[in-house]
Amino acid sequence: MHNAGATGDPTDLRPWDRLPAQQQPDWHDHPAFEETCRKLLAADALVTPAELRHLSQTLSTVTTSDTLVLQGGDCAESFHECTDTHTAAKLDVLDRLADRLHDLTGSPVVRVGRMAGQFAKPRSQAVEQRGALSIPAFRGHMLNSETATPAARVADPQRMWRAYRASDAVQRVMRAHRGPTGDTPDATGPWSSHEALIIDYEARLLRRDPDSGAVYLASTHLPWVGERTRHVHGAHVALLGAVANPVGCKIGPTATPEDVLRLCDALDPGRTPGRLTLIPRMGRDRIGRVLPPIVRAVATAGHPVIWLSDPMHGNTVMSRRTGLKTRYLTDIVAEALAFRDIVEGHGQRAAGLHIEVAAGGVTECIGGPVPGEEDLPRHYSSLCDPRLNLDQATELIEAWGKSTPAQRTPAVSRAGEYTG
Ligand code: PEP
Ligand code: CO
């Protein structure tokens, strides 16, 4: 499918080009910037309008049926792991977890990978200290390299094109894995998703559906707005509010009910069931205080959103012994179950989980087969945040799938140094 002219017309209104955007690279004077943008504008769409209609239809049933959603994958994908073999292994993890959730609950489970485009990371600190040297932070393979040298950390716009090509390779494997979906409204994926962070990239992958005339984001099926860029008058919200794709939005512990209502209005002005997925990521200690008034406000306003728990990003701690970022499975399970209690306690559906999870027995989070901090260095390969391994993620799924309200305990405090 070719660019049908959604962005080629200079009279197009593109508010995201003028609105403030956090977390953007300063690469516009790079000699390759314009040429890379031209290639992206002319490139084939990575997802089709038919696929988006299919997913939208499936997500609308999530708001009215017992269908669940499992969204998972890397914190940051690597360009070097976009091979067929790596992708098959990632899809296998997602399938196993979704199948386990289905076995436990009897519900259909829609699978959504943090895959085929999750190449850009927002960072709390723009620089990091390497001995005496202060170097720019790693921002994902779409921008720079994880290699800890000043040269490798310079943002290079040509990486946007590599990200497009890598996304295309992963999309092909995911599409084959889905098989022919035809017109069945209950297809369970796997669909692609990533944080739509880099406006230079995303805005050049807007396309127009020749049948409906609608503008859609052709970089992924389900883009989401991250916690650091969810400003209601910012570029990211304007962009995702304008596309036909279903969209997500992270909701962190500083969000107020008013913030979230404004985000609902901006991201789902038509109040389309399942168009907007809200993804609270509060932290085990904060969710009990912050989430209830938000769920109450959204429910009272009647926004037909999907509620997913991200029990990872509010529970990141620094392991003092190893200097590695980690997360405790006990915190993750506690937040996920507290989320369920709160959402269901307000008569809404807790529709599932958004997690960071990896194949290959990684030792990045503590719990289950990774008993303590000293076990972390054994197989720590994340480019960014610590991911659950398959056993740990299965424990989380089982806790979710088996729990009944009476078994769940309220979130309690853990002493520690929370970083996220
Ligand atoms: C992420 O999902 O990797 C992420 C950065 O999340 P958040 O925006 O919630 O911090
Ligand atoms: Co992350």
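**View 1. Cys75 and the cobalt site in the predicted model.** Cys75 is buried, at 1% relative accessible area (buried: under 20%, with a 1.4 Å probe and protein chains only). Together with His313 (NE2), Glu356 (OE) and Asp385 (OD), Cys75 (SG) coordinates the cobalt ion (ligand 2) at 2.1 to 2.4 Å; donors are N, O and S atoms within 2.8 Å of the metal, or 3.2 Å for Na, K and Ca, and water is not among the atoms, so sites may look incomplete. The donor spacing in sequence is C-x237-H-x42-E-x28-D. Cys75 sits in the loop between β1 and α3 (84–105), and Asp385 in the loop between β14 (350–356) and α10 (390–402), so the pair ties together parts 310 residues apart in sequence. Asp385 also counts as buried, at 10% relative accessibility.

**View 2. The parallel barrel.** Eight strands form a closed barrel with parallel pairing, in the order β1-β2-β5-β8-β9-β10-β11-β14 (strands are DSSP E runs of at least two residues, helices H or I runs of at least four, numbered from the N terminus; pairing needs at least two DSSP bridges). Strands β1 (68–73) and β2 (109–114) pair over 6 bridges, and Leu70 has Arg111 in β2 as its bridge partner.

**View 3. The buried residues of helix α7.** Pro257, Val260, Leu263, Cys264 and Leu267 are buried in α7. Their directions from the helix axis to the C-beta atoms fall within an arc of 120°, so these residues line one face of the helix.

**Notes.** Residues are numbered from 1 along each chain as its sequence is written, chains are lettered from A and ligands numbered from 1 in written order. In this predicted model local features need pLDDT of at least 70 and side-chain atom pairs pLDDT 80 or more, while totals for chains, interfaces and linings use all residues, and side-chain values use heavy atoms, without hydrogens and water.

Technical notes
Buried means under 20% relative accessible area, exposed over 50%, partly exposed in between (1.4 Å probe, protein chains only).
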